[in-house]
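Let's take a walk through this structure together. We'll look at a pair of helices, and then at a sheet.

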Amino acid sequence: MRRILQVFYSIFSSFIFSMAIQNEIIPLGSPFLGLFALVPLYVAVRNANSYIESALLTGLQVMCVHLMSSFWLGFFRDYAIFTLGASALGTGIIGMCVGCYLHYPMLQTKTEKSGLYTNGSCVAKRILMFAAIWTLYEWVKSVGFLAYPWGTLVMTSYKWSLITQIVDITGTWGISFLFSLFSALVAEGLALIPVSSKSLQKNMLWIYSKCGALCIILFLVTGIYGAIQYNITRIPKDYMQTVLVQQDSDPWESTDEECVTISAALTEKGVQEAIDATKQKPDLVVWSEAVLSYSFPQALSYYEHKPSSMPLIPFIKKTGVPFIIGAPVTIDREKRKFANSAIYFDSDGQYIDYYAKMHLVPFAEIIPGADSPLVQKLLKKVVGISSGWTPGTEVTLFEIPLHSGKNVEIGLPICFEDAFPDVCRAMHKAGCEVFVNLTNDSWSRTASAQYQHFAIASFRAIEYRTTMVRSTNSGYSVVINPVGKVIADMPLFEKAVLYTPVPIYHRQHTIYSILGDWIPAICGICVVVFIVINQIKEKKNEHI
């Protein structure tokens with residue numbers, strides 16, 4: 001019965017967690033649920049009798065969160081075996097490792113014979129170590145080759161704008177710590193209720209009240225800082241008159257001609273709206289990721305005459321506006337290496353430059369060992385392809401001339417690159433003034449996938465106090481200001497075009513842009529120190 005109850009706690013935690021993240025029922029998620037999402041997991045880990053039990057319970061929780069909140073990965077065609085299956089398995093394994101670390105502070109503060117946690121100071125250790133370890137987990141989950149920042153506490157906080165402003169100091173990891181700290185505090189409080197000894201209870205409650213005070217102070221300070229930042233009057237130094245095109249046609253199912261024809265028709269409408277509003281053409285037209293299927297620069301001659309109904313390059317010349325379009329670029333023709341890229345045409349239809357996506361989707365866009373004939377043969381048999389994309393190696397900014405006579409440097413995170421602070425941080429350091437994300441999430445078929453991607457991307461605008469523009473195939477196409485507020489958008493899964501003036505602000509070097517992931521570093525140091533001190537104590541006790 002105890003084991004069944006433990007499993008229930010784990011699954012119940014994953015259910016609350018998944019409902020707190022953007023989903024089909026609560027489109028923008030629930031920060032309130034996010035605060036309590038880890039309470040059942042904490043109880044389960046606290047009551048675990050071994051590392052293995054804690055590992056299995058935590059692994060089950062994070063795997064269920066992944067499956068319930070990112071179920072739409074199963075729609076990634078033949079890659080679903082990798083995108084959903086392999087990612088769920090990998091997440092579960094990582095969760096098991098986390099479970100072992102979560103059990104350590106519980107074990108070290110437990111009297112084995114009685115099963116009670118008897119030292120008042122141990123209450124603080126359990127609460128603080130749980131929050132530190134969970135923050136480290138979300139950081140580890142969100143960086144590196146296998147990075148997947150979905151399914152995190154950070155996502156649940158989106159609607160609390162006064163709390164999210166703190167990320168320009170702490171990065172999103174500050175929110176991870178705050179929310180996991182609150183869950184640990186509530187769970188520990190529930191566990192202390194049955195404590196019968198008055199002297200023991202008094203000692204524990206005294207320490208517990210200090211932890212509660214710390215949590216309240218952190219939330220208050222965060223809220224006050226957020227209120228100040230959210231209400232600061234930020235005056236743009238200029239505007240980039242922009243047309244965003246949402247073609248809502250899946251490139252996997254539509255032909256190149258269909259994608260270009262639809263996008264061109266929408267563009268004409270958007271450009272006319274700009275002319276009607278400002279008496280001049282816009283500064284930029286942005287199409288989404290993967291609109292074009294032929295690789296550049298070889299495809300230049302092709303697009304001079306194709307599609308037959310609306311040849312692309314003559315259309316750009318006729319429009320007289322710079323274009324940014326998602327398209328493949330040839331890196332090495334002989335070795336058949338191509339990059340998922342954003343290409344830049346000037347107002348005369350001249351191909352100027354490209355940015356190649358650097359952080360590729362593991363096991364879908366990039367396959368480890370794909371150069372091996374054996375791996376290629378296996379991939380051909382399983383998913384019908386023998387190679388993936390080649391990652392870009394450097395940040396490329398596009399310089400867009402404005403009607404004001406000035407230029408603006410834009411960075412172009414492609415697809416889920418806008419979910420990674422390190423990619424956007426590199427662009428910010430290179431001189432980026434506006435982020436313009438090109439995305440194709442149409443394959444997901446779900447609103448939750450669109451909103452989850454948007455919510456994660458919104459934190460990049462706050463971290464670097466700059467504007468984030470998202471031009472997507474099917475949604476969520478938006479313009480996000482430096483406090484994370486949507487100032488222009490388009491509906492999901494509709495063919496639509498949006499003309500909007502995109503505000504450009506003076507570049508701001510935030511604390512996070514300078515220091516990077518300092519919160520996980522501090523959490524890591526604290527965890528290591530805790531483990532080392534306890535190991536030293538254990539050795540001393542062995543000699544007594």
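Start where helix 3 passes helix 10 in a right-handed crossing, meaning that the near helix is turned clockwise from the far one by less than a right angle. (Helices here are DSSP runs of H or I with at least four residues, strands are E runs of at least two, and both are numbered from the N terminus.) This is a predicted model, where local features need pLDDT of at least 70 and side-chain atom pairs count only at 80 or more, while totals for chains, interfaces and linings use all residues. Residues are numbered from 1 along each chain as its sequence is written, and side-chain values use heavy atoms, with hydrogens and water left out.

Who touches whom? On helix 3 the contact (heavy atoms within 4.5 Å) involves V39, Y42, V43 and R46, and on helix 10 it involves S183, A184, V186, A187, E188, L190 and A191.

Now for the sheet: 6 strands make an open, mixed sheet, in the order 6-7-8-9-10-11. Two strands count as paired if DSSP finds at least two bridges between them. Strand 6 (398-401) and strand 11 (486-489) sit at the edges with a single partner strand each, so one side of each has no neighbour in the sheet. From one strand to the next, the twist averages 25 degrees; angles run from 0 to 180 degrees between N-to-C directions, with axes as lines fitted to C-alpha atoms, for helices over the stretch in contact.
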